Amino acid sequence: MATALVAIGPAVAEIRSLTLAGKPAKLEMRGVAPNCVRITLKPAADASGLPYTPALVQSVDVAPVIVLEGAPPPVKQRVGNLNIEVLSDPLRVIVTDSKGKPVQDLTFDGEGGFTFNKSTAPILGMGEGGPLPAPGVAWRTAPVQYDRNGSYDSMTPRWQSDAYGSRNPVGLMIGTDGWALLVATPWGRIDLRDTRHGTFTPEDRRASNTIQNAANQGLNQGKGLPPADTYQKGVLDLLVFDAHEPAVFMKELSEASGQAVMPPMWALGYMQSHRTLEDERQMLGIVDTFRAKRIPLDAVIYLGSGFCPRGWNLPQPSFEFNPEVFKRDPQAVLADLHQRHVKVVVHVVPADRDKLPTLHGTIPALPGELMNQAHIQNYWQQHVGMMEKGVDGFWPDEGDWFNLFERIKRHQMYYQGPLSTKPNVRPWSLHRNGHLGIAQWGGWVWSGDTESSWKTLEAQIAVGLNHSLSIGPYWGSDIGGFYPNPEKTGELYARWFQFGAFCGSFRSHGRTWFTALPWGWGLSDMGPREDDSRNTPAADTAGRNPLPSEMNQPAIEKVTRQYAELRYQLLPYTYTLAWEARKTGLPLMRAMWLHYPNDKKAAALGNQYLWGRDLLIAPVYEKGATSRITYLPSGKWYDWWSGEKITGGRDVTKKVDLSIMPIYARSGAIIPFDPVRQYTAQAATQPTTLKVFAGSDGQFTLYEDDGTSLEYLHGGGRQTRCSWNDKERVLTIEPDSPVGASEPPLRRAFKVELLPDGETRSVTYDGKQTRVRF
């Protein structure tokens with residue numbers, strides 16, 4: 001580093017100038033939120049704006065409040081609610097909160113890397129997925145990684161199977177002791193093995209000119225990373241958040257990365273994936289079976305040809321319907337499905353680089369954009385015919401070869417594209433790859449091609465929680481696991497189905513696909529077997545399928561119906577969580593830390609979680625389990641199934657049979673609960689029940705809208721606040737919509753149930769404050 005002379009008092013001290021890669025640099029700091037500061041190091045001669053990343057919205061590009069160049073003296077300044085101190089030699093930035101409590105202490109190396117303070121407290125987030133098992137390690141017996149602390153992460157995006165599924169890394173570390181760091185630029189490796197300090201080391205991308213394609217997507221030559229030409233040696237752009245109050249942090253993160261859009265309500269229902277198809281009669285017959293068996297269903301998903309012998313289309317990446325499956329006009333078949341009240345989602349994959357060199361642009365196109373075949377508006381036109389025939393949603397698969405910017409752009413296309421075709425209908429798509437920034441484009445992600453195993457079920461809980469903290473609020477897995485094997489049984493499927501009922505994406509999918517049907521384990525035949533060419537000779541598929549002796553278990557169907565019904569009964573609660581995800585940034589599936597940050601035991605738990613604020617979910621992930629130990633934070637809780645009131649702050653043991661996954665409601669919770677529907681748009685025949693769990697004061701704001709349009713962006717929607725005064729034993733129901741809301745309060749009936757005694761009241765609510773006394 002070069003040096004400069006700066007006078008400090010009567011003496012003369014030698015202070016080193018700010019440099020990057022040996023050249024003069026400048027340090028900029030911006031207050032992008034009251035509890036977040038953005039720190040940018042770049043060449044002093046660089047007059048351009050902030051380094052670009054699609055993971056952040058433009059609104060965080062505000063004017064800097066601190067700009068330092070040359071050899072700066074020590075600086076202390078307030079930025080929002082944060083106190084900032086800058087020291088030189090080496091360059092160091094210390095961040096504390098408004099009360100002086102430490103948030104972060106960063107030391108920069110002048111080459112784009114830095115060290116930061118940490119303790120032994122759990123560090124969460126960092127994207128979706130987990131570590132790649134080392135050669136020779138039996139992953140089925142290895143501990144699950146939830147806490148990232150203590151590990152080294154190369155931050156390599158990759159396809160992965162085993163217990164974790166796809167690895168979609170994000171440079172967002174969330175220290176449960178009150179800090180978070182988001183490295184926006186550059187990409188790099190994160191070392192959390194030291195007990196006191198973490199290290200970020202940038203990845204030099206200048207020599208990485210390979211543009212990956214379908215043929216080499218199995219290699220790691222830049223897929224999922226920012227484009228090589230965006231890398232500038234030494235440039236660093238990161239955001240430091242005060243995370244002592246997790247809810248405040250999640251809201252500020254959401255606003256910086258783009259608020260989540262509301263999904264169509266049907267996307268919160270159950271979805272059934274299919275693989276090899278026989279014909280349209282089979283397609284309709286499966287839906288008819290759901291209706292006859294009264295197992296709720298909202299969408300059917302059809303795989304493409306090439307990924308199975310006979311899918312919905314001609315071999316991928318074709319957008320043409322398969323005439324072997326559709327004997328009639330596909331539009332008529334899809335109309336028949338719509339008459340059965342299901343939406344239709346189709347599997348699509350991108351063309352290779354020869355036809356789709358990259359992905360860029362916006363819909364509608366902005367002035368000056370290059371309107372070539374890779375512009376997303378032109379690529380989207382290939383999808384329009386499918387929507388005109390009745391396709392409701394898309395399952396964009398593959399595309400692993402895309403770089404990070406293209407992956408986010410793909411989410412953008414599957415949001416803006418459908419809106420350009422059907423302007424006031426909420427789009428929906430499900431992706432293999434994701435990153436922070438996709439929520440504003442309706443990004444839903446599933447964990448990819450996992451193995452069917454009990455260890456996988458356990459790991460998926462941690463995977464979903466870290467995804468929800470650092471990518472977006474909507475996540476799910478293939479219920480039952482994608483790759484079948486003798487470990488896949490009716491019991492495993494039932495337990496996974498229970499877990500899936502409390503994930504954003506509630507969807508069964510997997511090879512040997514009759515075993516992914518809610519009634520499939522009651523059949524005598526598991527349906528089409530599929531070879532796994534990764535490690536099994538084509539002639540030997542027996543080792544890659546469930547055991548025939550596991551079939552003929554009709555009891556599994558009863559369990560799946562029970563939890564599908566519960567999902568639909570909780571729809572008003574879950575749909576409100578979707579609204580909360582937009583307004584507050586809090587996901588549906590919430591790490592215990594989000595609501596119990598001062599409970600060290602709760603913060604470390606990655607095998608249980610909160611569904612919203614008020615329900616605690618404890619999936620059963622052990623074969624043959626007869627009990628489940630769950631940690632309940634301090635306070636009073638209720639066993640959902642028995643109504644037993646339990647004092648928290650301790651582990652509790654719940655006896656379970658196959659029909660029971662432990663669920664606990666927080667004292668003071670108000671849970672809106674509907675009659676069973678067979679699909680989300682079905683009109684309820686009875687009033688919504690407000691389940692009030694006595695013992696503490698409580699409040700819940702119910703959100704409702706039409707479930708399909710974009711009117712919620714313009715003041716549409718209705719909010720009803722329900723407040724429980726435990727001392728007076730009074731529930732108050734009143735309107736809570738913001739000023740300017742376009743939907744007036746609705747006259748309706750509620751049934752109020754006070755638990756645990758089960759006492760009920762019926763009330764008519766006419767949009768004015770109504771008090772219900774017990």
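Q: At the start of α5, to within what distance of the backbone nitrogen of F405 does a side-chain oxygen of N403 reach?
A: The model is predicted: local features need pLDDT of at least 70, side-chain atom pairs count only at pLDDT 80 or more, and totals for chains, interfaces and linings use all residues. Numbering runs from 1 along each chain as its sequence is written, and side-chain values use heavy atoms, leaving out hydrogens and water. A polar contact is a pair of N or O atoms within 3.5 Å; within protein, one must be able to donate a hydrogen and the other to accept it, and residues adjacent in sequence count only if both atoms are side-chain atoms. At the start of α5, the N403 oxygen comes to within 3.0 Å.

Q: How far apart are the end C-alpha atoms of helix α5?
A: Helices (H or I, at least four residues) and strands (E, at least two) are DSSP runs, numbered from the N terminus. The expected span of a helix is 1.5 Å times one less than its number of residues. Helix α5 covers residues 404-421, and its 18 residues should span 26 Å. The end C-alpha atoms agree with this, at 26 Å.

Q: How many of the 18 residues of α5 are buried?
A: Buried means under 20% relative accessible area, exposed over 50%, partly exposed in between (1.4 Å probe, protein chains only). The rest of the structure largely encloses α5, because the number of buried residues among its 18 is 16.

Q: Which residue has its backbone nitrogen 2.9 Å from a polar atom of the D97 side chain?
A: Contact means heavy atoms within 4.5 Å. Neighbours within four places in sequence aside, D97 is in contact with N81, L82, N83, V103, D242 and H244. The backbone nitrogen 2.9 Å from its side chain belongs to K99.

Q: Which residue stands opposite R666 of β34?
A: Two strands pair if DSSP finds at least two bridges between them. Strand β31 (residues 636-639) and β34 run antiparallel, joined by 3 bridges. Opposite R666 stands W637.

Q: Which residues of β34 point the other way from I663 and A665?
A: In a regular strand the side chains alternate between the two faces of the sheet. In β34 (residues 663-666), I663 and A665 point one way, and all four named side chains are buried. Pointing the other way are Y664 and R666.

Q: What is the relative accessible area of R328?
A: R328 meets E280 in a salt bridge, 2.6 Å from N to O. The pair links distant parts of the chain, 48 residues apart: R328 is in the loop between β20 (299-302) and α3 (330-339), E280 in helix α2 (residues 280-293). E280 counts as buried, at 8%. R328 is partly exposed, at 36%.

Q: How many salt bridges does the count come to?
A: One of them joins E734 and R721, with closest N and O atoms 3.1 Å apart. K26, E28 and R30 are linked in a network. The count of salt bridges comes to 38.

Q: Which are the edge strands of the open sheet of 8 strands?
A: The order is β7-β8-β9-β10-β11-β17-β16-β13, with antiparallel pairing. In β16 (residues 188-191), the bridge partner of D153 is I190. Each edge strand pairs on one side only; they are β7 (75-79) and β13 (152-153).

Q: What is the C-alpha to C-alpha distance between G490 and W519?
A: G490 is in helix α7 (residues 490-500) and counts as buried, at 0% relative accessibility. Neighbours within four places in sequence aside, G490 is in contact with W521, E550, Q553 and I556. G490 and W519 are 29 residues apart in sequence; C-alpha to C-alpha, the distance is 9.8 Å.

How values were computed
Salt bridge = Lys/Arg side-chain N within 4 Å of Asp/Glu carboxyl O.
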